[in-house]
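The sequence and structure are shown first.

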Amino acid sequence: MTAESSSKVADFWNDRHKDPVKDAHDNFLVHPFVQSYMSLRAFGSIVSQMATLQYEIERRTKPGDRILSVGVGRAAKERYFAKHIPDRQFVGIDIADSILEEAREINRQEGVDNLELELGNFNELDLDANAYDIVLGLGAIHHVEALEQFWDNVAKSLRPGGVVVAQEYIGANRFQFTDAQIEHGTRCLEEFVPDEHKTNHRRCSRPKLEDMIAVDPSEAVRSAEILSTCEAAGWTVDGFCSGGGGLLQPVLMFQIATYDHRNWQHNLVLSKLFAEEDRLMQEGIITDDFAMFIGIPPS
């Protein structure tokens, strides 16, 4: 590729669409070809996850209903929904007041008046009973350590017919990948991936726990237990959509920026990884790292 590696792959897709977390572990999910693969896995067609989530919110609510989202950060997703579904009322909570104030200022600048942003800790929720028609977990539940209390508190807060709509990382806690993920990820790096794409790692490995905790003490703290604790609390997991990622994440994390979606040789490498991930999943060797699902509370 040259021309200074296609201008550093268009400055990592124009600073990853201006997302402030440019080098996050899950940035591979933003690559258009990866998104298409995961959409086909989950829904059988190529459709954006945001459009799918919007559809779920709209069909499960009516004008005036209240929707809560936990762990919103700068609330980019929640702002998107508030703009596209202006007759619903959205509430977002996060523990970082300074980040929330940034998000409030963006709301003011963009004229979004149906999104309230409140200070709150999803490990110590104290939600009003019968307050919300939907609770959203948009990549936030995998940061919750007190999962048992979380499910109980959310169940209390939902009105009759209310559900949780989740889009989550459900893979290994703290990214302590399974032996199979490390073995097959390393093999795929050797067999399928040219050296130009190995800018971060040439072998798959588990990140050091102390490094992860230093960067973010809540990152994937009990991610692999999200579904089991949900069901143990009496919830029903419905509408499960497989996102895959069990091979893609250890192979592509921190080096997805080398893949230019306009370069078909790069896309060929990715397609080989997609096919291998699908084979390993069909054989039960690896499982989903990412999924969307509906959580129905106990009646």
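Two strands are taken to pair if DSSP finds at least two bridges between them. Helices (H or I, at least four residues) and strands (E, at least two) are DSSP runs, numbered from the N terminus. The model is predicted: local features need pLDDT of at least 70, side-chain atom pairs count only at pLDDT 80 or more, and totals for chains, interfaces and linings use all residues. Residues are numbered from 1 along each chain as its sequence is written, and side-chain values use heavy atoms, with hydrogens and water left out.

**Sheet layout**
- Seven strands form an open sheet with mixed pairing, in the order β3-β2-β1-β4-β5-β7-β6.
- At the edges lie β3 (115-119) and β6, each of which pairs on one side only.

**Strand β7 and its neighbours**
- Strand β7 (residues 290-296) is largely enclosed by the rest of the structure, because 6 of its 7 residues are buried (under 20% relative accessible area, 1.4 Å probe, protein chains only).
- Strand β5 (residues 158-169) runs antiparallel to β7, joined by 6 bridges, and Val165 stands opposite Ile294 in β7.
- Strand β6 (residues 236-244) is also antiparallel to β7, over 6 bridges; here Asp238 stands opposite Ile294.

**Strands β2 and β3, with a packed helix**
- Strand β2 (residues 89-94) runs parallel to β3 through 5 bridges, and Phe90 has Leu115 in β3 as its bridge partner.
- Helix α5 (residues 97-110) packs on the sheet and touches β2 and β3 (contact: heavy atoms within 4.5 Å).

How values were computed
Buried means under 20% relative accessible area, exposed over 50%, partly exposed in between (1.4 Å probe, protein chains only). Axes are lines fitted to C-alpha atoms, for helices over the stretch in contact, and angles run from 0 to 180 degrees between N-to-C directions.
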